[in-house]
Amino acid sequence: MAATPDLEVRSLAKRFATHLAVDDLSFSVARGSFFSILGPSGCGKTTLLRMIAGFIQPDRGDIAIGGRSMAGVAPNRRPVNMVFQQLALFPMMSVAQNVAFGLARRGIGRAERTRRAAAMLERVGLGGAGGKRTDELSGGQRQRVAIARSMILEPTLLLLDEPLGALDLKLRDHMKIELKQLQAAFATTFVYITHDQSEALVLSDHIGVMNHGRFEQLGTPQQLYYSPASAFVAGFVGANNRLAGKALAVNGALVQLATSGGWVVHAHRQGPVAAGMAVEAFIRPEATLLARSAAELPAGQTAHTGEVISLLFDGANSAVLLRELQSCVEFRIALPQTGAYADLQAGARIYFSFDPQRAICFAAADGHA
Amino acid sequence: MPETRAATLWYRRLMLGLLLAPALLWLVALIVLPHVDLALLSFRARIAPREYAVSLDQYRTFFNEPLYWHVFVRTALMSALATALTLLVAFPIAWTIAKLARGRTSALLFVVCLIPFWVSETVRTLGWMILLRESGVLPALLVHLGLTTQPVELLYHDATILVGLVYTSLLFMVVPLVGSLESLDNALIEAAYDLGGKGWSILREIVIPHAAPGITAGCIVVFMLTLGNYLTPTLLGGKNSLWFTEQIYTQFITRFNWEQGAAFGFLLLALSTAMVWLGLKVSGQRFSDVMRRA
């Protein structure tokens, strides 16, 4: 028998005027795991999080936390705490007072409060910072205070509303790692919402990709990345080359498709695809091989020809942007780490190929090529 | 080059001086000069017709005559009470305008607070008298509803004065409160709620500390206005009002005792300064922060 999930959402729905923010959503989050809800802005993820926290009442459905239904339970009585987007530290209080705030509301005595707040600050690596004002801390330290302030109440569930959004890139990368380590140390279930796919991939055990109030796919980061269930997921998670076209022939799982410019490629079918249908194919930049001559490419793969538009140097993430010669479709290919193609010039002729098994083809959502 | 630089500097100073001239003129001619003259007046006593000597008599009279300092203390306490009541009434209004109402509703509520000020204070207060006097609207209504057997006089009570003062002061409390409450991030309230806070503890721990400069600013303005108010206590309180400004008026106008009146004026100024200082000390606010809110 499986343990009770820390969070269980059953057919949850919420409508704002004409806009369906959350549409019949069901999922559960296992104890101690890091669950992310990933989606573009306006997909309903904030509404979902605020319903879990209790700030918004759902129209339909139920939320159970630690096996207990939360219907009619006010936010201040739920075993859930939230880390807000701008952190919402109390500027009128010291760091220690911020951390002890929840304990004070539970009626815990001053001495005990002080001791526990100091221990919690120690745990998040801010020992001795208790007397500081919140605006004396760096962005990363402020985030740790926000987490400490919530974790001191030992919630069943910690909700995080894009807490890294306000940080600069360097600090964000650092805080990603720190968040993951904190989650492992506390072993508390984290529910994290973000529009940044890289944050979700790095941090999560499971991710729900949300669009128009529904989950497009729910799975591990690897599943989302390597076998996206829909064109939306393929386009949203990780960098991808998208080719829109028409299926020419379907042979089992293999689809032969042609773009409007007449470029013919092979891809692996995901979901039902029939010949003549409008389709979208996705090929990852790193799933493609580059060569200076067609003969260097693997024998079994179709060789394609391109003309270099520009070299996008970004250290280990360097890529080349090229134009497929026949259709003029732009295509991005990751450069190998060896630096073999670092000397590519704009306008140079280059050959590339990919394994059709790693190219994914969906029936186009809107039915048009 | 040095000459041009000096010329530029001189020109800048001239412009600054010209820009500040109206304000300085106003400050010196209408505030500083009269006060200097009043101060000199308050420190002299008439020893014979048209003959004056430097003396502390005027201040001595104040302390020796129980009526004077009784009225003085009463005015201070009533003003403090009126300020506290204004704060209690204004806070929910300001909260509604700043946090609950949106767009047009918020603007409309503000206008509703402002409307009474389109009418002069005299007319407004006379309006209150029409409502409250024995033959007025409210006593007649009470009789009509059977709550009283005969019309009661609602004027000339301390409570009536307080009602009038709170009504007159409300806007001056609402404006700084709305300003300071609007700048309070809603996420802070939600965070406090999320961490187990309830209405009262959030108000005490989050809202009031955040709004403290606005609250102090509103209280200072309302207290000063109330303390120096002449019309409302006199009209609504009648002869029983015992407001200190009346004493000053009497000395200047009825008794032609300008020396005594000037001394009273300075005592009122000292009182209001002391209360503002005390208010800042008690609330732990800095004068500059508070004045930015007012």
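1. Chain A contains an open sheet of six strands in the order S6-S7-S8-S3-S9-S10, and its pairing is mixed. Two strands pair if DSSP finds at least two bridges between them. The edge strands are S6 and strand S10 (214-219) of chain A, each of which pairs on one side only. Between neighbouring strands of this sheet the average turn is 20 degrees, direction ignored. Axes are lines fitted to C-alpha atoms, for helices over the stretch in contact, and angles run from 0 to 180 degrees between N-to-C directions.

2. The structure is a predicted model, in which local features need pLDDT of at least 70 and side-chain atom pairs count only at pLDDT 80 or more, while totals for chains, interfaces and linings use all residues. Residues are numbered from 1 along each chain as its sequence is written, and chains are lettered from A and ligands numbered from 1 in the order in which they are written. Helices (H or I, at least four residues) and strands (E, at least two) are DSSP runs, numbered from the N terminus.

3. Asp161(A) stands opposite Ile193(A) in S8(A). Helix H1 (residues 45-53) of chain A packs on the sheet, where it touches strand S3 (34-38), S6, S7, S8 and strand S9 (206-211) of chain A. The direction of H1 makes about 150 degrees with that of S7(A). Helix H4 (residues 139-151) of chain A also packs on the sheet, touching S6 and S7 of chain A, and its direction makes about 170 degrees with that of S6(A).

4. H4(A) also packs with helix H5 (residues 169-186) of chain A, at an angle of about 25 degrees and with the axes 11 Å apart. That makes H4(A) roughly parallel to H5(A); angles under 35 degrees count as roughly parallel, over 145 as roughly antiparallel, 65 to 115 as roughly perpendicular and the rest as oblique. The crossing of H4(A) and H5(A) is right-handed. A crossing is left-handed if the near helix is turned anticlockwise from the far one by less than a right angle, and right-handed if clockwise. Among the residues making the contact are Gln143(A) and Ile147(A) of H4(A) and His174(A) and Leu182(A) of H5(A). By class, the contact has six nonpolar, four polar and one charged residues. Ala, Val, Leu, Ile, Met, Phe, Trp, Tyr, Cys and Pro count as nonpolar, Asp, Glu, Lys and Arg as charged, and the others, Gly among them, as polar.

5. The contact includes Val99(A) and Leu103(A) of H2(A) and Arg113(A) and Ala117(A) of H3(A). Its residues divide into ten nonpolar, one polar and two charged.

6. In total, 17 residues of chain A are in contact with 15 residues of chain B; two residues are in contact if their C-beta atoms, placed from the backbone, lie within 7 Å. Strand S6 (80-83) and H2 of chain A are the elements that give two or more residues to the side of chain A that touches chain B. The largest share of that side, three residues, comes from H2(A). By class, the side has ten nonpolar, four polar and three charged residues.

7. The domain assignment of chain A gives domain 1 (7-232) and domain 2 (239-363). Such bounds come from an automatic or database domain assignment. The centres of the two domains, taken over C-alpha atoms, are separated by 39 Å.

8. Five strands of chain A close into a barrel with mixed pairing, in the order S11-S12-S13-S20-S14. Neighbouring strands of this sheet are turned by 50 degrees against each other on average, direction ignored. Strand S11 (residues 241-251) of chain A pairs with strand S14 (residues 278-283) of chain A in the antiparallel sense over six bridges. Ala244(A) stands opposite Glu280(A) in S14(A).
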